[in-house]
Amino acid sequence: MNRRLINLILILLLLALAIWVDLPSNPGIKIGSFERSLKTVLGLDLQGGMEVILSVPEGIAVTQQNLQDAAQILENRSNALGVDEVVYQTAGERIIVGQYPGESNAENIIAKIKETGQLEFADFGDVRIPEGTVVETDYGKTTTTPETAPTTEITPDTQATPGIEPTTTPEVTETATVYHTVLTGANLKSVGVVRGELNTYSIAIEFDEEGSAILKEWTTNNLNKILGIVLDKTVISSPSVSNVIPDGQAEITGSFDSESSNALAVQLRYGSLPIPLDIEQIRVIGPTLGSDSLDKSLIAGLIGFAIVMLFMAIYYRLPGVIADLAIIFYAAITFAIFKAVPITLTLPGIAGFLLSTGAALDANILIFERLKEELRNGRTMRQAIDLAWRRAWPSIRDSNIAALITAAILFWFGSTFGASFVKGFAVTLALGVGVSLFTAFNVTRNLLGLVVEKISDPEKRPELFGL
């Protein structure tokens with residue numbers, strides 16, 4: 001009894017937390033640098049947005065791996081820059097399709113992400129070049145141009161003027177500096193933001209084996225020199241080298257705050273695309289259809305829930321009412337997980353959630369049927385409850401494992417173009433199945449045990465259990 005009371009208190013606390021997360025007016029969570037808005041994220045089919053079709057220009061050799069890598073980089077870069085829940089997928093041999101839920105004008109974002117994004121670490125010598133400066137490097141040139149300092153070439157102008165002795169007029173010609181590229185983004189292994197004491201920030205970077213060897217040699221010979229970070233020939237940072245870097249792990253320090261450090265980390269992490277891309281089509285999807293679909297889905301879901309709960313209460317009586325309470329708990333917990341992760345809700349995703357509700361009820365029905373069988377066989381109520389859970393478990397386990405395997409297969413093949421909705425269905429189904437197992441074996445069992453404890457001679461009241 002005491003154990004059941006403790007479990008009930010924990011269940012009620014978890015329910016209270018889930019209800020708080022589910023509230024539409026929830027302000028979100030902010031603990032130090034961690035921040036989560038806890039808003040409901042709707043997909044393109046529910047809130048409208050924009051669909052963009054990108055293609056590899058003719059004449060550019062491309063492999064399927066290049067195309068998939070580019071799609072992944074574009075998706076990561078877009079989401080990291082604040083355009084949440086963007087999805088990019090490949091189509092055929094040269095096409096990438098991007099979806100921007102909630103966006104009505106993303107031309108500035110498209111202009112940013114369609115660039116090749118060549119990331120270089122260049123030798124600036126002793127010169128700290130300001131951010132935003134366009135520079136010239138020797139990367140990609142057929143012959144390596146050595147780094148040169150700006151020089152001034154004077155060409156005499158000896159044109160004669162009548163009555164005046166020829167004079168020399170200096171004509172100044174500037175020769176641009178070409179900086180040597182030490183490393184490129186291809187050698188970058190990982191990037192992360194590190195928060196230090198007194199709310200200071202830095203960027204931790206790590207290079208692969210080849211890059212580590214190059215960096216060790218260069219830093220050994222160039223202590224206190226500037227290793228500039230250049231993206232698309234534009235300087236984004238000019239850090240100096242204060243120590244030899246022997247293992248390819250370094251830290252970029254400076255006057256960073258949370259926003260600037262994360263912005264630089266994004267540029268480093270997603271700065272290099274393997275192929276150039278052109279915009280073929282931009283299609284705006286209005287929110288009217290999505291809003292109508294969402295309203296109808298919610299109404300259908302509520303009607304389905306009401307019918308199922310009414311059936312459970314009528315057919316199984318007391319256990320059915322307890323199962324209804326467990327289903328409400330299940331719905332609150334599952335929706336809270338959707339908001340906390342967050343999971344993008346689409347129409348197929350909502351269908352997966354509703355289907356997992358059936359899995360939750362299926363577990364309760366199996367348990368209650370076993371309970372009725374044990375009571376008919378003359379078991380006491382406590383024995384019947386324990387045996388019902390124990391003997392129903394193999395069937396519940398096998399059916400839910402089959403559902404999880406199916407969800408995994410759907411998610412795996414859902415990466416194919418045109419099947420992105422399948423991934424949302426698979427994710428919500430898998431999460432719902434997991435939560436349904438928890439509610440069946442913790443919420444329903446504890447609530448039923450507590451209620452039965454309060455009934456005197458429950459074996460003499462079979463009508464309460466649908467017998």
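**Helix packing and strand pairing in the predicted model**

Helices α9 and α10 are oblique to each other, since angles under 35 degrees count as roughly parallel, over 145 as roughly antiparallel, 65 to 115 as roughly perpendicular and the rest as oblique. The model is predicted, so local features need pLDDT of at least 70 and side-chain atom pairs pLDDT 80 or more, whereas totals for chains, interfaces and linings use all residues. Residues are numbered from 1 along each chain as its sequence is written, and side-chain values use heavy atoms, without hydrogens and water.

Two packed helices are described by the angle between their axes and the distance between the axes. The axes of α9 (residues 347-376) and α10 (residues 381-413) cross at roughly 140° and come within 8 Å. Axes are lines fitted to C-alpha atoms, for helices over the stretch in contact, with angles from 0 to 180 degrees between N-to-C directions. The crossing is right-handed. Contact means heavy atoms within 4.5 Å. On the α9 side, the contacting residues include A359, L366, R370 and L375. Those of α10 include M381, W389, R391 and N400.

The protein chain holds 11 helices and 16 strands. Helices (H or I, at least four residues) and strands (E, at least two) are DSSP runs, numbered from the N terminus. Of the 467 residues, 40% are buried, meaning under 20% relative accessible area with a 1.4 Å probe, protein chains only. Among contacts with a separation of 6 or more, 73% link residues 24 or more positions apart.

Four strands form an open sheet, ordered β4-β5-β3-β16, with antiparallel pairing. Strands β4 (87-91) and β16 (278-285) stand at the edges with a single partner strand each, so one side of each is left without a neighbour in the sheet. From one strand to the next, the twist averages 20°. Strands pair if DSSP finds at least two bridges between them. Strand β3 (residues 49-55) is joined to β16 by seven bridges. Within this pair, M50 has V284 as its bridge partner.

Strand β12 (residues 201-207) is mostly covered, with five of its seven residues buried. Seven bridges connect β12 to β11 (residues 188-195), and the two run antiparallel. Here S190 stands opposite E206. Five residues lie between the strands of this hairpin, where L198 takes a positive phi near 55°. Strand β12 also pairs with β15 (residues 249-256), through five bridges and again antiparallel. In that pairing, Y201 stands opposite F256.

Key
Buried means under 20% relative accessible area, exposed over 50%, partly exposed in between (1.4 Å probe, protein chains only). A crossing is left-handed if the near helix is turned anticlockwise from the far one by less than a right angle, and right-handed if clockwise.
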